Amino acid sequence: RIVNVASIVGHFSFPYLGTYGATKYAVEGYSDSIRQDLHPWGVTVHVVEPGIFPMTGLYSGGTVFQDAITGRYAELSRETQEVYGEAYLKSVTEALTEGLYGFLSNKDRFKVSEAMEHALLSPSPKYRYRVGLDCRTMYLLSFLPEWVRDMVNEFLQNWVFRVEAVPPVSAPKDGLSMAKSRYAAPTKLIFIIVIIFLSLIMLLAPCRTMSM
């Protein structure tokens with residue numbers, strides 16, 4: 001058996017985690033491919049997809065993660081630092097430490113090792129193990145259109161984490177609105193129609209039951 005460890009970020013990407021997300025998407029794709037390649041040898045491939053568990057590794061609490069971000073920023077050239085600015089650095093740090101790895105974090109880190117053990121020793125292991133409530137929730141959200149996922153991320157940062165999203169200092173003031181207005185709108189319209197249709201069904205179902 002082969003057990004690879006990916007992440008929910010391999011399905012649902014968060015801002016500021018581009019490199020990390022790319023590695024996890026790669027693990028997902030690689031595992032899907034070799035799973036089929038190795039079947040003739042009787043080898044099975046399993047993927048453990050943890051949610052956010054900040055009590056392990058780099059996210060072990062205190063200022064470890066914050067110091068890591070600040071240290072990486074200090075390694076950038078002065079020109080690059082001027083492109084982003086100190087306010088942007090502070091916003092990113094707060095969004096990750098107080099929000100993503102704070103509010104959404106799972107507390108029981110042993111769930112990950114239990115999933116690995118099951119994948120290795122169970123007579124009937126699963127192909128994928130989605131560990132943590134946040135992981136299962138974000139996986140369902142990954143099927144939604146991209147603009148909805150962007151709205152979810154914005155909602156989490158602004159209203160749940162309560163961290164102000166500060167753009168890079170060199171970014172144009174209307175950059176965000178320019179980018180959003182450039183995407184095609186039909187998908188959004190269709191999605192809204194579907195939501196309204198499902199809502200009407202849910203509202204009318206009790207009335208229909210009562211009339212019968």
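Colleague: In which sense do β1 and strand β2 pair, and over how many bridges?
Modeller: This is a predicted model: local features need pLDDT of at least 70, side-chain atom pairs 80 or more, while totals for chains, interfaces and linings use all residues. Residues are numbered from 1 along each chain as its sequence is written, and side-chain values use heavy atoms, without hydrogens or water. Strands are DSSP runs of E, at least two residues, and helices runs of H or I, at least four, numbered from the N terminus; two strands pair if DSSP finds at least two bridges between them. β1 and β2 (residues 45-50) pair in the parallel sense, and the bridges number four.

Colleague: Which residue in β2 is the bridge partner of V5?
Modeller: V5 lies within β1, residues 2-5. Its bridge partner in β2 is V48.

Colleague: Why is one side of β1 and of β3 left without a neighbour in the sheet?
Modeller: The sheet is open, with three strands in the order β1-β2-β3. β1 and β3 (128-131) stand at its edges, so each has a single partner strand.

Colleague: What angle does the direction of helix α1 make with that of β1?
Modeller: Helix α1 (residues 18-38) packs on the sheet and touches β1, β2 and β3; contact means heavy atoms within 4.5 Å. Axes are lines fitted to C-alpha atoms, for helices over the stretch in contact, and angles between N-to-C directions run from 0 to 180 degrees. For α1 and β1 the angle is about 165 degrees.

Colleague: And which strands does helix α6 touch?
Modeller: Helix α6 (residues 133-141) also packs on the sheet. Its direction makes about 115 degrees with that of β3. The strands touched are β2 and β3.

Colleague: R149 pairs with E146. Is R149 buried or exposed?
Modeller: Both sit in helix α7 (residues 146-160), three residues apart, so about one helical turn separates them. Buried means under 20% relative accessible area, exposed over 50%, partly exposed in between (1.4 Å probe, protein chains only). E146 is exposed at 53%. R149, at 17%, is buried.

Colleague: How many residues apart are K180 and E154?
Modeller: Their closest N and O atoms are 2.9 Å apart, forming a salt bridge. The pair links distant parts of the chain, helix α8 (residues 175-182) and helix α7. The separation is 26 residues.

Key. Salt bridge = Lys/Arg side-chain N within 4 Å of Asp/Glu carboxyl O.
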